[in-house]
Amino acid sequence: MQGPRRRIVEVLTLAPPLEGVVIKGWLRTVRSSKQVTFLNVNDGSNMNGLQVVAGEELDNLEEVSRLGTGSAVAVTGTLVESPAKGQTVELRATSVKVLGEAAPDFPLQKKRHGFEFLRTIAHLRNRTNTYGAVFRVRSVLAHAVHCFFQDRGFVYVHTPIITGNDCEGAGEMFRVSTLDPKNPPLDDKGQIDWSKDFFGGNTFPLCRSW
């Protein structure tokens, strides 16, 4: 019997054998042979993901074996003890549904990527172990700070602040302006005269809390 979808971090704590386990996530690696395909599926709930073993009993084994890194899948199967080192359990798939197939040029691969490269694909960098670790530490620290203030009677609010400081340092912040972008006032040098703006200068939004 098929159960509800479970997070992989939860599945890794279950005692095998257990039928009807359902997971969803993205493929990190795919290793195929003639009769079996090994998929490493990660949903972001842990660092290493879960190994899925897809065999000849699948109607779409050929389709699954052609999938690449970054493809999204929904897997139903039986959780069993793993004979391989480095993992206690694995999922023997009875069904693998392809939710989205990644393009052949999907930028993340099974190797270490430099920070400069990851900055060019900011929407995908959270799938890497490096950023996954950073975000987990950041989450714990943010939670601790919130608990510190909450336990002392502070109220958490979002207060939008307009500032003239380019805090990002790269001149790529959102600009707050009342000037007409198609016909802004110019100074003697032909540059935009920000002194004519509502705030009297170049301004950007900045959020502060507590």
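Is F154 buried, partly exposed or exposed? F154 is partly exposed, with a relative accessible area of 42%; buried means under 20% relative accessible area, exposed over 50%, and partly exposed in between, with a 1.4 Å probe and protein chains only. This is a predicted model, in which local features need pLDDT of at least 70 and side-chain atom pairs count only at pLDDT 80 or more, while totals for chains, interfaces and linings use all residues. Residues are numbered from 1 along each chain as its sequence is written, and side-chain values use heavy atoms, with hydrogens and water left out.

**Barrel**

Helices (H or I, at least four residues) and strands (E, at least two) are DSSP runs numbered from the N terminus. Two strands pair if DSSP finds at least two bridges between them. Five strands close into a barrel with mixed pairing, in the order β1-β2-β3-β5-β4. On average, neighbouring strands of this sheet are turned by 55° against each other, direction ignored; axes are lines fitted to C-alpha atoms, for helices over the stretch in contact, and angles run from 0 to 180 degrees between N-to-C directions. Strands β4 (residues 72–81) and β5 (residues 89–100) run antiparallel and are joined by ten bridges. A74 has K97 as its bridge partner in β5.

**Nonpolar cores**

A nonpolar core is a set of buried Ala, Val, Leu, Ile, Met, Phe, Trp, Tyr and Cys residues joined through side-chain atoms within 4.5 Å. The largest one has 21 residues, of which I23, V41, V52, V75 and L91 touch the most other members. Two or more residues each come from α1 (8–11), β1 (18–32), β2 (37–42), β3 (50–54), α2 (61–65), β4 and β5. The most come from β5, which gives four.

Contact means heavy atoms within 4.5 Å. Not counting residues up to four places away in sequence, L91 touches V21, I23, L50, Q51, V52, V53, V75, G77, T78 and L79. A second, separate core has seven residues, including F106, L108, I121 and Y131.

**Aromatic pairs**

Rings of Phe, Tyr and Trp (its six-membered ring) pair if their centres lie within 6.5 Å; planes under 30 degrees apart count as stacked, over 60 as edge-to-face and the rest as tilted.

| Pair | Centre to centre | Angle between planes | Class |
|---|---|---|---|
| Y131 and F135 | 5.8 Å | 50° | tilted |
| F149 and F154 | 5.1 Å | 85° | edge-to-face |

Both Y131 and F135 lie in helix α4 (residues 129–150), four residues apart, or about one turn of the helix. Y131 is buried at 12% relative accessible area, whereas F135 is partly exposed at 32%. Ring pairs link these two residues and F115 into a cluster. In the other tabulated pair, F149 is partly exposed, with a relative accessible area of 24%.

A charge sits over a ring if NZ of Lys or CZ of Arg is within 6 Å of the ring centre and within 35 degrees of the ring normal. R152 lies over the face of F148, at 3.8 Å from the ring centre.

**Loops**

P17 lies in the loop between α1 and β1. The peptide bond from P16 to P17 is cis, with omega near -5°. The loop between α2 and β4 contains L67, a buried residue with a relative accessible area of 6%. L67 touches L27, V30, V73, V98 and E101, not counting residues up to four places away in sequence. L67 and L179 are 112 residues apart along the chain, and their C-alpha atoms are separated by 50 Å.
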